[in-house]
Amino acid sequence: MAIQKKLKQKTRQFIESKNMLSGITFASFLESTIVPIPLEAVLVPLMQARREKLWQIALMATLGCIVGALFGYALGYYLFDVIGDWVINTFSSPEQFENVKQKMQAQGFWFVLSLGIVPIPFQIAMLAAGATKYSLALFLVASAIARSIRYFGLALVVYYAGNQAERLISKHKTKTMIGLTILVAIGWVVSTLI
């Protein structure tokens, strides 16, 4: 019981802290680079508790993720020969990474966009983009669009649903991810036809 009480107290202190936005940015950076655990579990309750900063929270989470994506890209670009094997074996498999590399070369923008939206570890896309020397500008645009959809989408749900947001997100998360994936896939197919 004492641990739960301390955790609640620390959470409340963080929510009311002047460092809350920078903490979210840092957590988002970590989530996109090292810790492949979705940030949504923290963001939704935080957005509900601090509705006056709802859009700032979404923006800072997006920015932290973009900085993390840039960091991952740089690792793939400059250090892939040194750390690539460790990262591949930690987050996936050599076969999966080879598949990702082929997709990057064929349809990199749409590949990064789709991996940035769905709850799959984004680290693979970042490293593959860097390792294959994919266009940094296109990579950052796709990352920004994907993460904005995720985080500003959460903010939109909290804005309209208020305290019911967590329940709605839990209930419709799978359907939403499938719908977004289908929309991205349609965009992907249309882009290849043009």
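**Close-up views of a predicted model**

**View 1. Gln48 and the residues around it.** Setting aside neighbours up to four places away in sequence, Gln48 touches Val158, Gly162, Asn163, Gln164, Ala165 and Glu166. This is a predicted model, so every view here shows a prediction. Gln48 belongs to helix H3, which covers residues 40–49. Is Gln48 buried or exposed? With a relative accessible area of 12%, Gln48 is buried, because anything under 20% counts as buried.

View 2. Eight aromatic pairs are counted in the model. One of them is the tilted pair of Trp55 and Tyr159, with 5.8 Å between ring centres and 45 degrees between the planes. Trp55 sits in helix H4 (residues 54–91) and Tyr159 in helix H7 (residues 136–161), so this pair ties together parts 104 residues apart in sequence. Tyr159 also pairs with Tyr160, this time edge-to-face, at 5.0 Å centre to centre and 90 degrees between the planes. Ring pairs link Trp55, Phe152, Tyr159 and Tyr160 into a cluster. How accessible is Trp55? Trp55 is partly exposed, at 38% relative accessibility, while Tyr160 is exposed, with a relative accessible area of 67%.

**View 3. Helix H6 and the lysine that follows.** Of the nine residues in helix H6 (residues 123–131), eight are buried, so the helix is largely enclosed by the rest of the structure. The buried ones are Gln123, Ile124, Ala125, Met126, Leu127, Ala128, Ala129 and Gly130. After H6 comes Lys133, which has a positive phi near 60 degrees. Now find Tyr77: Lys133 lies over the face of this ring, 4.4 Å from the ring centre.

View 4. In soluble globular proteins, nonpolar side chains tend to be buried together. The largest nonpolar core here has 25 residues, and Met104, Leu113, Phe122 and Phe139 touch the most other members. H4, helix H5 (94–117), H6 and H7 each give two or more residues to this core. Which element gives the largest share? That is H5, with ten residues.

Definitions and conventions. Residues are numbered from 1 along each chain as its sequence is written. This is a predicted model: local features need pLDDT of at least 70, side-chain atom pairs count only at pLDDT 80 or more; totals for chains, interfaces and linings use all residues. Side-chain values use heavy atoms; hydrogens and water are left out. Buried means under 20% relative accessible area, exposed over 50%, partly exposed in between (1.4 Å probe, protein chains only). Helices (H or I, at least four residues) and strands (E, at least two) are DSSP runs, numbered from the N terminus. Contact means heavy atoms within 4.5 Å. Rings of Phe, Tyr and Trp (its six-membered ring) pair if their centres lie within 6.5 Å; planes under 30 degrees apart count as stacked, over 60 as edge-to-face and the rest as tilted. A charge sits over a ring if NZ of Lys or CZ of Arg is within 6 Å of the ring centre and within 35 degrees of the ring normal. A nonpolar core is a set of buried Ala, Val, Leu, Ile, Met, Phe, Trp, Tyr and Cys residues joined through side-chain atoms within 4.5 Å.
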